[in-house]
Amino acid sequence: MLYGVKETAALSKVTVKTLHHYHKTGLLMPCEISEAGYRLYGTEELERLQQILLYRELDLTLEQIKQLLEDEPDRLTILVEQEKLLLLRKQRLESMLETLKKSIMSRKKGEQMEDKELFTGFESEEEWAEAMKPQHEHLKETYDFELLGTAPVDLQGMNEMAAEAAAFMKAMAEALRSGVKHSDAAITQLIESHLGFLKGQGHLVSAQDFALQNRFFLGDDFHLQMLEGQQTGLAYYLSAAADYFAAQAQ
C-alpha cells in the first residue's frame with residue numbers, strides 16, 4: 001500500500017514540511033512520484049522514517065543520521081543499535097530524574113542537598129551537554145557565543161569544577177543570609193580560594209576578569225535568574241564582593 005505525503009505525516013506524526021525537507025536533503029526519498037506530482041511512500045520508506053525519528057529522539061543531526069543509515073543498511077542491526085542507545089538514554093534520564101526529585105523534596109523541606117548529590121547522574125559527556133544545553137542555547141542566540149566546543153569533555157575535571165562551584169555558591173549564599181559584609185575578610189578568602197582552584201584546573205581567572213564576569217551576570221536575565229533562584233540578592237552580593245576583591249588586588 002502506498003501513502004501520500006499527508007497520510008504519511010499523519011501516520012508518523014511529523015509535519016508535511018518535515019517530509020518535504022527529508023526528501024530535499026535525500027534523507028528519505030519517496031518510492032515513486034505520481035503522474036500528478038504527488039510523493040508516494042511504501043513500507044520500506046515508512047520503516048526508514050521510523051529509524052530516522054528514533055535517531056532524532058537521540059538528538060542526532062540529520063547529517064549524522066544519513067551517514068548512519070548509509071553505513072549500516074541492515075534494518076535489524078539499526079534497530080538493535082537504536083535500542084541500546086535509547087536504553088542508555090533512559091538510564092541517564094532516570095538517574096537525572098531521581099536527582100531532580102531529591103532536589104524538589106529538599107527544597108520543599110527547606111533542606112540543603114549535599115554538594116555531590118547535586119550532580120548525580122552527570123556521568124557522561126552527553127549528560128553534561130544536556131545539562132548545559134539551556135545556557136548554551138541562550139549564549140548562542142543572544143551573544144553568538146559557543147559554550148559547548150567540539151573538544152572531548154574532561155568528565156573528572158567537569159565534575160570537580162561543578163562540585164567546587166556548588167560549594168562556593170553555597171558558602172556565598174550562607175554568608176549573605178548570615179549578614180556577612182561583601183568586603184569581609186572571610187569573603188575575600190573565599191573568592192581567593194575559588195580562583196586558586198580554577199587556576200589549578202588550568203583556568204586562570206584574574207580578579208578583574210572575575211569582577212567583569214559577575215557584572216555581566218547582573219545584566220543578563222538568564223544568569224541573573226539562575227543566581228537569584230539560589231538565594232535572593234546573591235547575584236548582587238557576589239558582584240559587589242568580586243568588585244571589592246578586584247579593587248584590593250590592584
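**Helices of a predicted model**

Biologist: How many residues does α8 have, and what distance does it reach from its first C-alpha to its last?
Modeller: Helix α8 runs over residues 185–200 and has 16 residues. At 1.5 Å a residue, 22 Å is expected. The distance from the first C-alpha of α8 to its last is close to that, at 22 Å.

Biologist: Within what arc do the buried residues of α8 fall?
Modeller: The buried residues of α8 are I187, I191, H194, L195 and L198. They line one face of the helix, because seen down its axis they fall within an arc of 95 degrees.

Biologist: Which exposed residues does the face of α8 turned away from its buried side carry?
Modeller: The buried side of α8 includes I191 and L195. The face turned away from that side carries A185, K199 and G200.

Biologist: Is F245 buried or exposed?
Modeller: F245 is placed in helix α11. Its relative accessibility is 12%, and the limit for a buried residue is under 20%. F245 therefore counts as buried.

Biologist: Which residues is F245 in contact with, leaving aside its neighbours within four places in sequence?
Modeller: F245 is 60 residues from A185 in sequence, yet their C-alpha atoms are 9.8 Å apart in space. Leaving aside its neighbours within four places in sequence, F245 is in contact with T188, I191, E192, L195 and A207.

Biologist: Are α9 and α11 roughly parallel or roughly antiparallel to each other?
Modeller: The axes of α9 (residues 207–219) and α11 (residues 234–249) come within 8 Å and cross at roughly 155 degrees. Their crossing is left-handed. Angles over 145 degrees count as roughly antiparallel, so α9 and α11 are roughly antiparallel.

Biologist: At what angle do α1 and α2 pack?
Modeller: In α1, V5, K6, T8 and A9 meet V16, L19 and H20 in α2. The axes of the two helices are 9 Å apart. The helices are roughly perpendicular to each other, as their angle is about 110 degrees.

Biologist: What is the relative accessible area of T8?
Modeller: T8 is found in helix α1, over residues 5–12. Leaving aside its neighbours within four places in sequence, T8 is in contact with Y3, L19, Y41, L46 and L49. T8 is buried, and its relative accessible area is 0%.

Biologist: Which value is phi of K13 near?
Modeller: K13 has its place in the loop between α1 and α2, where it is exposed, with a relative accessible area of 73%. Most residues other than glycine have a negative phi. K13 has a positive phi although it is not glycine, and the value is near 60 degrees.

Biologist: How many helices and strands does the secondary structure of the chain come to?
Modeller: From the N terminus on, the elements run α-α-β-β-α-α-α-α-α-α-α-α-α. Of the 250 residues of the chain, 30% count as buried. The secondary structure comes to 11 helices and two strands.

Terms used:
Residues are numbered from 1 along each chain as its sequence is written. This is a predicted model: local features need pLDDT of at least 70, side-chain atom pairs count only at pLDDT 80 or more; totals for chains, interfaces and linings use all residues. Side-chain values use heavy atoms; hydrogens and water are left out. Axes are lines fitted to C-alpha atoms, for helices over the stretch in contact, and angles run from 0 to 180 degrees between N-to-C directions. Helices (H or I, at least four residues) and strands (E, at least two) are DSSP runs, numbered from the N terminus. Angles under 35 degrees count as roughly parallel, over 145 as roughly antiparallel, 65 to 115 as roughly perpendicular and the rest as oblique. A crossing is left-handed if the near helix is turned anticlockwise from the far one by less than a right angle, and right-handed if clockwise. Buried means under 20% relative accessible area, exposed over 50%, partly exposed in between (1.4 Å probe, protein chains only). Contact means heavy atoms within 4.5 Å. The expected span of a helix is 1.5 Å times one less than its number of residues. The arc is that of the directions from the helix axis to the C-beta atoms.
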